[in-house]
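Please consult the sequence and structure shown below.

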Amino acid sequence: MKELLTIAEARLPQMIEELKTLVEIESPSDSPSDVNNLAAYLSNRLDKLGVKANRILVQNGGDVVVGRYGGEGKAVMILGHMDTVWPLGTLARRPVRIEDDKLFGPGSYDMKAGLVVAIHALEVLQALDRNPKHPIIYFFSSLEETDCTPYKSVLEANAQACDYVLDLEPAWPGGAVKTERKGSANYVLNIRGRAAHAGADPRKGISAITELAHQIQTLNSFTDYEQGTTVNVGVINGGIRPNVIPDNARAEIDVRFCRLVDGQAIDSKIKALEPYLSGTKLEITGRIGMPPLERTEKVVALYQKAKAVAAQLGFELGETSSGGVSEACVTSALGIPTLDGLGADGDGAHAEYEHVLLPSLATRTALLAGLLLEL
Ligand SMILES: [Zn+2]
(Lines give C-alpha, C1' and ligand atoms only; values in the text may rest on other atoms or scores of the structure.)
Protein backbone atom coordinates (compact mmCIF):
# COMPACT_ATOMS: atom_id res chain seq x y z
CA MET A 1 0.00 0.00 0.00
CA LYS A 2 2.70 2.46 0.96
CA GLU A 3 4.13 2.43 -2.56
CA LEU A 4 0.81 3.83 -3.82
CA LEU A 5 1.34 6.87 -1.63
CA THR A 6 4.98 7.25 -2.67
CA ILE A 7 4.03 7.27 -6.34
CA ALA A 8 1.03 9.54 -5.78
CA GLU A 9 3.16 12.03 -3.86
CA ALA A 10 5.75 12.05 -6.63
CA ARG A 11 2.97 12.93 -9.06
CA LEU A 12 1.62 15.82 -7.00
CA PRO A 13 2.98 18.57 -9.32
CA GLN A 14 1.18 17.01 -12.31
CA MET A 15 -2.00 16.67 -10.28
CA ILE A 16 -1.88 20.33 -9.26
CA GLU A 17 -1.27 21.33 -12.86
CA GLU A 18 -4.22 19.25 -14.02
CA LEU A 19 -6.49 20.61 -11.29
CA LYS A 20 -5.63 24.11 -12.48
CA THR A 21 -6.48 23.08 -16.05
CA LEU A 22 -9.85 21.65 -15.02
CA VAL A 23 -10.81 24.70 -12.95
CA GLU A 24 -9.90 26.94 -15.87
CA ILE A 25 -12.42 25.13 -18.06
CA GLU A 26 -15.49 26.79 -16.57
CA SER A 27 -18.46 24.43 -16.53
CA PRO A 28 -21.65 25.83 -14.99
CA SER A 29 -24.53 23.32 -15.05
CA ASP A 30 -26.68 25.66 -17.15
CA SER A 31 -24.16 26.10 -19.94
CA PRO A 32 -24.04 22.78 -21.84
CA SER A 33 -21.45 23.90 -24.39
CA ASP A 34 -19.01 24.82 -21.62
CA VAL A 35 -19.61 21.57 -19.75
CA ASN A 36 -18.94 19.86 -23.09
CA ASN A 37 -15.50 21.46 -23.26
CA LEU A 38 -14.70 19.67 -20.04
CA ALA A 39 -16.40 16.46 -21.24
CA ALA A 40 -14.15 16.58 -24.33
CA TYR A 41 -11.03 17.04 -22.23
CA LEU A 42 -11.93 14.22 -19.85
CA SER A 43 -13.05 11.67 -22.42
CA ASN A 44 -9.81 12.29 -24.27
CA ARG A 45 -7.86 11.90 -21.08
CA LEU A 46 -9.60 8.62 -20.22
CA ASP A 47 -9.05 7.27 -23.74
CA LYS A 48 -5.33 7.77 -23.34
CA LEU A 49 -5.41 5.61 -20.21
CA GLY A 50 -7.09 2.79 -22.09
CA VAL A 51 -10.55 3.61 -20.75
CA LYS A 52 -13.15 3.28 -23.49
CA ALA A 53 -15.01 6.54 -23.03
CA ASN A 54 -18.31 7.55 -24.59
CA ARG A 55 -20.14 10.84 -24.43
CA ILE A 56 -23.88 10.59 -23.97
CA LEU A 57 -26.16 13.41 -25.05
CA VAL A 58 -28.25 14.94 -22.30
CA GLN A 59 -31.36 17.03 -22.82
CA ASN A 60 -30.74 20.61 -21.68
CA GLY A 61 -27.35 19.70 -20.28
CA GLY A 62 -23.78 18.94 -21.17
CA ASP A 63 -22.83 15.41 -22.21
CA VAL A 64 -22.26 12.72 -19.61
CA VAL A 65 -18.95 10.86 -19.94
CA VAL A 66 -19.13 7.11 -19.37
CA GLY A 67 -15.91 5.11 -19.58
CA ARG A 68 -15.20 1.42 -19.11
CA TYR A 69 -11.86 -0.04 -18.12
CA GLY A 70 -10.87 -3.68 -17.71
CA GLY A 71 -12.54 -6.95 -18.58
CA GLU A 72 -15.91 -8.58 -18.04
CA GLY A 73 -17.92 -8.91 -14.89
CA LYS A 74 -19.37 -6.63 -12.24
CA ALA A 75 -17.58 -3.30 -12.08
CA VAL A 76 -16.78 -0.62 -9.54
CA MET A 77 -18.19 2.77 -10.44
CA ILE A 78 -16.10 5.89 -10.03
CA LEU A 79 -18.68 8.65 -9.90
CA GLY A 80 -18.19 12.38 -10.20
CA HIS A 81 -19.71 15.51 -11.69
CA MET A 82 -18.20 17.98 -14.12
CA ASP A 83 -20.61 20.85 -13.57
CA THR A 84 -20.20 23.60 -10.99
CA VAL A 85 -22.52 26.14 -9.38
CA TRP A 86 -20.41 29.05 -10.64
CA PRO A 87 -21.64 31.18 -13.55
CA LEU A 88 -19.38 31.97 -16.49
CA GLY A 89 -17.04 34.80 -15.68
CA THR A 90 -16.45 33.77 -12.07
CA LEU A 91 -12.99 32.64 -13.07
CA ALA A 92 -12.08 36.09 -14.43
CA ARG A 93 -13.16 37.61 -11.13
CA ARG A 94 -11.62 34.89 -9.02
CA PRO A 95 -8.76 33.24 -10.96
CA VAL A 96 -6.96 30.16 -9.71
CA ARG A 97 -4.46 31.03 -7.04
CA ILE A 98 -2.22 28.96 -4.84
CA GLU A 99 -1.43 30.10 -1.32
CA ASP A 100 0.81 27.85 0.74
CA ASP A 101 -0.70 24.40 0.31
CA LYS A 102 -4.15 25.56 -0.80
CA LEU A 103 -5.52 26.01 -4.29
CA PHE A 104 -8.40 28.46 -4.56
CA GLY A 105 -10.74 28.55 -7.55
CA PRO A 106 -14.39 28.11 -8.54
CA GLY A 107 -15.34 24.43 -8.58
CA SER A 108 -11.90 23.33 -7.35
CA TYR A 109 -13.11 21.49 -4.24
CA ASP A 110 -16.59 20.66 -5.56
CA MET A 111 -15.43 18.74 -7.38
CA LYS A 112 -12.74 19.11 -9.98
CA ALA A 113 -10.16 17.88 -7.51
CA GLY A 114 -12.21 14.67 -7.28
CA LEU A 115 -11.97 14.25 -11.06
CA VAL A 116 -8.20 14.63 -10.82
CA VAL A 117 -8.08 11.95 -8.11
CA ALA A 118 -10.29 9.66 -10.22
CA ILE A 119 -7.88 9.84 -13.15
CA HIS A 120 -4.61 9.73 -11.27
CA ALA A 121 -5.61 6.74 -9.13
CA LEU A 122 -5.73 4.65 -12.28
CA GLU A 123 -2.44 6.14 -13.49
CA VAL A 124 -0.79 5.20 -10.20
CA LEU A 125 -1.98 1.61 -10.59
CA GLN A 126 -0.74 1.53 -14.15
CA ALA A 127 2.63 2.91 -13.10
CA LEU A 128 2.94 0.00 -10.65
CA ASP A 129 1.57 -2.47 -13.16
CA ARG A 130 -1.24 -3.38 -10.78
CA ASN A 131 -4.75 -4.21 -11.87
CA PRO A 132 -7.97 -3.58 -9.97
CA LYS A 133 -9.93 -6.79 -9.35
CA HIS A 134 -13.07 -5.39 -10.90
CA PRO A 135 -13.49 -3.49 -14.13
CA ILE A 136 -14.08 0.23 -13.60
CA ILE A 137 -16.97 2.30 -14.89
CA TYR A 138 -16.23 6.01 -14.90
CA PHE A 139 -19.38 8.12 -14.76
CA PHE A 140 -18.83 11.87 -15.02
CA SER A 141 -22.14 13.69 -14.93
CA SER A 142 -23.22 17.12 -16.10
CA LEU A 143 -26.19 18.35 -14.05
CA GLU A 144 -25.43 17.21 -10.51
CA GLU A 145 -25.75 20.70 -9.09
CA THR A 146 -29.21 21.28 -10.58
CA ASP A 147 -31.21 18.16 -11.43
CA CYS A 148 -29.91 14.83 -12.71
CA THR A 149 -33.34 13.69 -13.98
CA PRO A 150 -32.39 13.86 -17.71
CA TYR A 151 -29.73 11.14 -17.29
CA LYS A 152 -30.87 9.47 -14.07
CA SER A 153 -31.88 6.26 -15.89
CA VAL A 154 -28.45 6.09 -17.57
CA LEU A 155 -26.75 6.48 -14.21
CA GLU A 156 -28.99 3.78 -12.73
CA ALA A 157 -28.37 1.36 -15.61
CA ASN A 158 -24.60 1.77 -15.25
CA ALA A 159 -24.75 1.46 -11.47
CA GLN A 160 -26.70 -1.81 -11.82
CA ALA A 161 -23.62 -3.21 -13.56
CA CYS A 162 -21.52 -2.41 -10.46
CA ASP A 163 -20.91 -4.05 -7.08
CA TYR A 164 -19.77 -0.76 -5.54
CA VAL A 165 -19.99 2.95 -6.22
CA LEU A 166 -17.20 5.30 -5.15
CA ASP A 167 -18.24 8.94 -5.34
CA LEU A 168 -15.44 11.47 -5.63
CA GLU A 169 -17.43 14.36 -4.19
CA PRO A 170 -15.28 16.45 -1.87
CA ALA A 171 -14.36 15.06 1.52
CA TRP A 172 -15.88 16.68 4.56
CA PRO A 173 -13.46 19.41 5.72
CA GLY A 174 -10.88 17.38 7.63
CA GLY A 175 -11.10 14.39 5.31
CA ALA A 176 -14.08 12.33 6.48
CA VAL A 177 -16.12 10.41 3.91
CA LYS A 178 -19.90 10.51 3.86
CA THR A 179 -21.69 7.35 4.89
CA GLU A 180 -25.04 9.09 5.16
CA ARG A 181 -26.76 11.81 3.22
CA LYS A 182 -30.23 13.11 3.71
CA GLY A 183 -32.81 12.75 1.01
CA SER A 184 -34.92 15.73 -0.03
CA ALA A 185 -38.40 16.61 -1.15
CA ASN A 186 -39.90 19.87 -2.36
CA TYR A 187 -43.46 21.12 -2.33
CA VAL A 188 -45.49 24.16 -3.26
CA LEU A 189 -48.61 24.96 -1.24
CA ASN A 190 -51.12 27.23 -2.92
CA ILE A 191 -54.00 28.58 -0.85
CA ARG A 192 -57.17 30.15 -2.17
CA GLY A 193 -59.31 32.31 0.09
CA ARG A 194 -61.85 35.02 -0.70
CA ALA A 195 -61.04 38.67 -1.37
CA ALA A 196 -62.97 41.50 0.26
CA HIS A 197 -62.54 45.16 1.21
CA ALA A 198 -60.53 45.17 4.41
CA GLY A 199 -62.30 48.30 5.65
CA ALA A 200 -65.83 48.11 4.29
CA ASP A 201 -66.55 44.38 4.16
CA PRO A 202 -63.91 42.44 6.09
CA ARG A 203 -66.28 39.68 7.19
CA LYS A 204 -67.01 38.74 3.61
CA GLY A 205 -63.38 37.84 3.07
CA ILE A 206 -61.42 34.70 3.95
CA SER A 207 -57.74 35.42 4.38
CA ALA A 208 -55.46 33.00 2.54
CA ILE A 209 -52.54 34.50 4.46
CA THR A 210 -54.11 33.68 7.83
CA GLU A 211 -54.72 30.16 6.58
CA LEU A 212 -51.07 29.97 5.50
CA ALA A 213 -49.95 31.09 8.95
CA HIS A 214 -51.78 28.09 10.45
CA GLN A 215 -50.35 25.72 7.85
CA ILE A 216 -46.80 26.94 8.55
CA GLN A 217 -47.20 26.01 12.21
CA THR A 218 -48.41 22.56 11.24
CA LEU A 219 -45.59 22.08 8.76
CA ASN A 220 -43.02 23.17 11.34
CA SER A 221 -44.40 20.60 13.77
CA PHE A 222 -43.37 17.82 11.35
CA THR A 223 -39.69 18.57 12.05
CA ASP A 224 -38.06 15.86 14.16
CA TYR A 225 -34.41 16.63 14.82
CA GLU A 226 -33.87 13.30 16.65
CA GLN A 227 -34.97 11.41 13.59
CA GLY A 228 -33.14 13.79 11.26
CA THR A 229 -36.31 14.97 9.54
CA THR A 230 -36.63 18.69 8.88
CA VAL A 231 -39.33 20.76 7.22
CA ASN A 232 -38.55 24.29 6.14
CA VAL A 233 -41.04 26.77 4.75
CA GLY A 234 -38.44 28.78 2.87
CA VAL A 235 -40.47 31.11 0.66
CA ILE A 236 -43.89 32.67 1.19
CA ASN A 237 -45.94 35.19 -0.69
CA GLY A 238 -49.53 36.29 -0.97
CA GLY A 239 -51.97 39.17 -1.14
CA ILE A 240 -51.91 42.30 -3.27
CA ARG A 241 -52.53 45.34 -1.01
CA PRO A 242 -52.92 46.09 2.69
CA ASN A 243 -56.57 47.07 2.27
CA VAL A 244 -57.60 43.83 0.57
CA ILE A 245 -58.32 40.60 2.43
CA PRO A 246 -55.95 38.32 0.53
CA ASP A 247 -57.50 35.57 -1.56
CA ASN A 248 -54.17 33.91 -2.34
CA ALA A 249 -51.05 32.80 -0.55
CA ARG A 250 -48.26 30.46 -1.47
CA ALA A 251 -45.41 28.66 0.27
CA GLU A 252 -42.37 26.73 -0.95
CA ILE A 253 -41.29 23.91 1.30
CA ASP A 254 -38.06 21.91 1.60
CA VAL A 255 -38.03 18.57 3.44
CA ARG A 256 -34.92 16.54 4.42
CA PHE A 257 -34.82 13.04 5.89
CA CYS A 258 -32.32 10.28 6.72
CA ARG A 259 -34.47 7.30 5.85
CA LEU A 260 -36.74 6.94 2.86
CA VAL A 261 -39.60 5.72 5.09
CA ASP A 262 -39.41 8.94 7.10
CA GLY A 263 -39.53 10.96 3.88
CA GLN A 264 -42.53 8.97 2.71
CA ALA A 265 -44.30 9.56 6.01
CA ILE A 266 -43.84 13.33 5.74
CA ASP A 267 -44.87 13.20 2.10
CA SER A 268 -48.19 11.61 3.11
CA LYS A 269 -48.73 14.13 5.90
CA ILE A 270 -48.10 17.11 3.61
CA LYS A 271 -50.40 15.75 0.94
CA ALA A 272 -53.12 15.20 3.57
CA LEU A 273 -53.06 18.78 4.93
CA GLU A 274 -56.56 20.12 5.56
CA PRO A 275 -57.70 23.76 5.72
CA TYR A 276 -58.23 25.40 9.12
CA LEU A 277 -60.53 28.14 7.92
CA SER A 278 -63.68 27.00 6.24
CA GLY A 279 -63.96 28.31 2.72
CA THR A 280 -60.22 28.09 1.95
CA LYS A 281 -58.79 25.61 -0.51
CA LEU A 282 -55.34 24.03 -0.40
CA GLU A 283 -53.52 22.84 -3.47
CA ILE A 284 -50.31 20.92 -2.86
CA THR A 285 -47.84 19.87 -5.51
CA GLY A 286 -44.40 18.30 -5.11
CA ARG A 287 -42.71 15.01 -4.29
CA ILE A 288 -39.63 13.28 -3.02
CA GLY A 289 -36.80 14.29 -5.34
CA MET A 290 -33.66 12.64 -4.04
CA PRO A 291 -33.71 9.53 -1.86
CA PRO A 292 -31.27 9.51 1.06
CA LEU A 293 -27.96 7.70 1.15
CA GLU A 294 -28.82 5.45 4.06
CA ARG A 295 -26.10 4.23 6.37
CA THR A 296 -26.88 0.57 5.79
CA GLU A 297 -24.71 -2.38 6.84
CA LYS A 298 -23.40 -2.62 3.28
CA VAL A 299 -22.37 1.04 3.35
CA VAL A 300 -20.65 0.59 6.70
CA ALA A 301 -18.82 -2.50 5.40
CA LEU A 302 -17.56 -0.53 2.41
CA TYR A 303 -16.49 2.32 4.68
CA GLN A 304 -14.61 -0.18 6.88
CA LYS A 305 -12.69 -1.39 3.83
CA ALA A 306 -11.73 2.17 2.91
CA LYS A 307 -10.77 2.85 6.51
CA ALA A 308 -8.49 -0.20 6.52
CA VAL A 309 -6.79 0.97 3.31
CA ALA A 310 -6.31 4.43 4.82
CA ALA A 311 -4.79 2.90 7.95
CA GLN A 312 -2.27 1.03 5.81
CA LEU A 313 -1.45 4.30 4.09
CA GLY A 314 -0.89 5.86 7.48
CA PHE A 315 -3.92 8.03 8.11
CA GLU A 316 -7.28 7.76 9.78
CA LEU A 317 -10.39 7.97 7.64
CA GLY A 318 -13.39 9.37 9.50
CA GLU A 319 -17.02 9.19 8.48
CA THR A 320 -19.78 11.75 8.66
CA SER A 321 -23.37 12.49 7.72
CA SER A 322 -24.38 15.32 5.41
CA GLY A 323 -27.66 17.17 4.99
CA GLY A 324 -26.97 17.82 1.32
CA VAL A 325 -27.90 15.46 -1.51
CA SER A 326 -25.61 14.09 -4.21
CA GLU A 327 -25.82 11.53 -7.00
CA ALA A 328 -24.59 8.95 -4.48
CA CYS A 329 -28.19 9.03 -3.25
CA VAL A 330 -29.35 7.72 -6.63
CA THR A 331 -27.00 4.73 -6.69
CA SER A 332 -27.43 3.84 -3.02
CA ALA A 333 -31.23 3.87 -3.44
CA LEU A 334 -30.70 0.92 -5.82
CA GLY A 335 -29.15 -1.00 -2.93
CA ILE A 336 -25.61 -0.71 -4.29
CA PRO A 337 -23.08 0.00 -1.54
CA THR A 338 -21.97 3.58 -2.14
CA LEU A 339 -19.28 5.59 -0.43
CA ASP A 340 -19.35 9.34 -0.91
CA GLY A 341 -16.83 12.10 -0.23
CA LEU A 342 -13.76 10.23 -1.44
CA GLY A 343 -12.53 13.37 -3.21
CA ALA A 344 -10.03 15.93 -2.02
CA ASP A 345 -9.96 17.61 1.35
CA GLY A 346 -10.55 21.35 1.53
CA ASP A 347 -13.44 23.63 2.35
CA GLY A 348 -15.91 26.15 0.99
CA ALA A 349 -18.11 24.19 -1.43
CA HIS A 350 -20.47 26.66 -3.15
CA ALA A 351 -18.69 29.51 -1.33
CA GLU A 352 -16.27 32.24 -2.33
CA TYR A 353 -13.45 30.80 -0.23
CA GLU A 354 -13.66 27.38 -1.93
CA HIS A 355 -10.27 25.68 -1.89
CA VAL A 356 -8.47 22.36 -2.02
CA LEU A 357 -5.76 21.22 0.38
CA LEU A 358 -3.17 20.20 -2.19
CA PRO A 359 -1.39 17.44 -0.24
CA SER A 360 -4.76 15.65 0.01
CA LEU A 361 -4.69 15.12 -3.77
CA ALA A 362 -1.92 12.57 -3.19
CA THR A 363 -3.43 10.85 -0.15
CA ARG A 364 -6.89 10.57 -1.72
CA THR A 365 -5.38 9.26 -4.97
CA ALA A 366 -3.52 6.58 -3.03
CA LEU A 367 -6.68 5.80 -1.07
CA LEU A 368 -8.78 5.36 -4.21
CA ALA A 369 -6.05 3.28 -5.90
CA GLY A 370 -5.75 1.08 -2.79
CA LEU A 371 -9.50 0.67 -2.56
CA LEU A 372 -9.67 -0.41 -6.20
CA LEU A 373 -7.11 -3.12 -5.40
CA GLU A 374 -8.95 -4.27 -2.26
CA LEU A 375 -12.53 -4.39 -3.51
ZN1 LIG B 1 -20.49 18.23 -5.72
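Angles under 35 degrees count as roughly parallel, over 145 as roughly antiparallel, 65 to 115 as roughly perpendicular and the rest as oblique. The model is predicted: local features need pLDDT of at least 70, side-chain atom pairs count only at pLDDT 80 or more, and totals for chains, interfaces and linings use all residues. Residues are numbered from 1 along each chain as its sequence is written. Helices (H or I, at least four residues) and strands (E, at least two) are DSSP runs numbered from the N terminus.

**Helix pair**
- Helix H1 (residues 2-10) packs against helix H11 (residues 359-374) at an angle of about 140°, their axes being 8 Å apart; H1 and H11 are therefore oblique to each other.
- Axes are lines fitted to C-alpha atoms, for helices over the stretch in contact, and angles run from 0 to 180 degrees between N-to-C directions.
- Residues of H1, including Leu4 and Leu5, meet residues of H11, including Ala362 and Ala366 (contact: C-beta atoms, placed from the backbone, within 7 Å).

**Sheet**
- Six strands form an open sheet with mixed pairing, in the order E1-E2-E6-E3-E7-E16 (strands pair if DSSP finds at least two bridges between them).
- Strands E1 (52-58) and E16 (338-339) are at the edges with a single partner strand each, so one side of each lacks a neighbour in the sheet.
- E1 and strand E2 (residues 61-69) run antiparallel and are joined by six bridges; Val58 stands opposite Gly61 in E2.

**Helix on the sheet**
- Helix H3 (residues 32-48) lies across E1, E2 and strand E6 (136-141), running at about 10° to E2.

Notes. Contact = placed C-beta atoms within 7 Å.
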